[in-house]
Amino acid sequence: MHAINYEAPKTVDEAVKLLATHGEKARPLCGGTDLIIQLRAGVRRPEHVVDIKNIQEMRRIDFSMQHGLRLGAAVSCIEIYENGDMRKYYPGLTEAAHLIGSLQIQSRASVGGNLCNGSPAADTTPALIALGAKCRVVGPGGERLVPVEDFCTAPGRTVLQPAELLVEFQIPVPARNASDAYLRFIPRNEMDIAVVGVGAAVTLDVGDERISAARIGLAAVGPTPIFAREASQALAGKPINDESIERAAQLAIAAASPIDDMRGTAEFRRHVTGVLTRRTLAKAIERARTQTSR
């Protein structure tokens with residue numbers, strides 16, 4: 001590793017100013033679980049590392065039934081898993097965060113960093129897509145909200161412009177009869193990268209017999225994480241039965257555009273996409289049906 005200047009701002013404005021001053025020579029550091037590896041491998045060679053872990057605005061988990069969830073981009077995965085509101089109201093996102101590496105990695109890694117790394121196989125991104133999360137981005141020109149499904153533009157690339165930071169995720173309040181789930185397939189039992197990942201969130205009608213709304217996110221089956229829009233829309237107003245779920249699974253397969261690589265063939269990934277879509281929807285529906293009055 002080459003010599004690097006280390007900066008640790010206390011506010012978002014300070015961080016943005018540092019990034020703007022140093023331009024392409026600077027990189028933000030959130031957890032560092034990806035960046036440090038990239039530095040050691042020589043994939044990235046910044047002259048300035050701007051550590052944003054000390055910015056309190058980016059470290060909060062702020063939930064209310066009136067305003068929903070504001071999840072700081074620098075909140076560690078282990079903090080998410082240990083938070084009672086996250087486990088109760090957003091179990092799918094919570095279990096996705098708990099699948100990232102070992103417990104040691106989870107103590108540093110963040111959902112914001114997971115997204116900004118731009119990996120098509122990121123575990124938390126399809127879970128965020130399923131929840132309809134929006135990304136609050138702040139930069140020299142002000143701030144903007146970006147739907148999470150539009151955030152990644154190519155492998156390793158995002159919509160972030162020079163000196164912009166992902167500050168937080170804004171996630172709606174879950175309806176009373178709603179819940180989410182995330183599942184992935186990996187060749188090993190733990191600490192592996194998803195061959196396929198599927199996140200799903202469903203809202204049921206008053207009688208728990210029909211699906212009022214649904215969102216399905218896919219990982220590792222395209223150059224970016226995918227919002228399976230047609231599969232999601234196909235579930236709206238449909239009865240909860242095998243036929244409805246199978247239709248959504250087939251549309252999710254159609255939305256996928258996987259490749260052959262050393263981790264699996266495109267044909268295998270399409271098959272697993274259907275399997276995990278069925279299982280994830282079933283899990284989200286079961287959770288939604290067991291929700292007590294909020």
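I take two strands as paired if DSSP finds at least two bridges between them, and I take helices (H or I, at least four residues) and strands (E, at least two) as DSSP runs, numbered from the N terminus. The model is predicted, so I kept to the rule that local features need pLDDT of at least 70 and that side-chain atom pairs count only at pLDDT 80 or more, while totals for chains, interfaces and linings use all residues. Residues are numbered from 1 along each chain as its sequence is written, and side-chain values use heavy atoms, with hydrogens and water left out.

**Strand pairing**

Pro-28 has Val-50 as its bridge partner in β3, and the strand β2 (residues 26-29) runs parallel to β3 with four bridges joining the two. I then found strand β1 (residues 5-7) paired with β3, also in the parallel sense, over three bridges; here Tyr-6 has Val-49 as its bridge partner.

For burial I used under 20% relative accessible area as buried, over 50% as exposed, and partly exposed in between (1.4 Å probe, protein chains only). In a regular strand the side chains alternate between the two faces of the sheet.

**Aromatic pairs**

I counted rings of Phe, Tyr and Trp (its six-membered ring) as paired if their centres lie within 6.5 Å, with planes under 30 degrees apart stacked, over 60 edge-to-face and the rest tilted. My search of the whole structure gave three aromatic pairs. The Phe-63 and Tyr-89 pair is stacked, because the ring centres are 4.6 Å apart and the planes stand at 25°. This pair links distant parts of the chain, with Phe-63 in strand β4 (residues 61-64) and Tyr-89 in helix α4 (residues 84-89), 26 residues apart. Both Phe-63 and Tyr-89 are buried.

The Phe-185 and Phe-268 pair is edge-to-face, because the centres are 5.5 Å apart and the planes stand at 70°. Phe-185 lies in strand β11 and Phe-268 in helix α11 (residues 266-289), so the pair ties together parts 83 residues apart in sequence. I noted Phe-185 as partly exposed at 32% relative accessibility, and Phe-268 as partly exposed at 35%. I also recorded that ring pairs link Phe-63, Tyr-89 and Tyr-90 into a cluster.

**Charges over rings**

My criterion was NZ of Lys or CZ of Arg within 6 Å of the ring centre and within 35 degrees of the ring normal. Arg-87 lies over the face of Tyr-81, at 4.4 Å from the ring centre, and Arg-215 lies over the face of Phe-227, at 4.1 Å from the ring centre.

Ile-186 and Gly-197 are 11 residues apart in sequence, and I noted a C-alpha to C-alpha distance of 8.9 Å in space.
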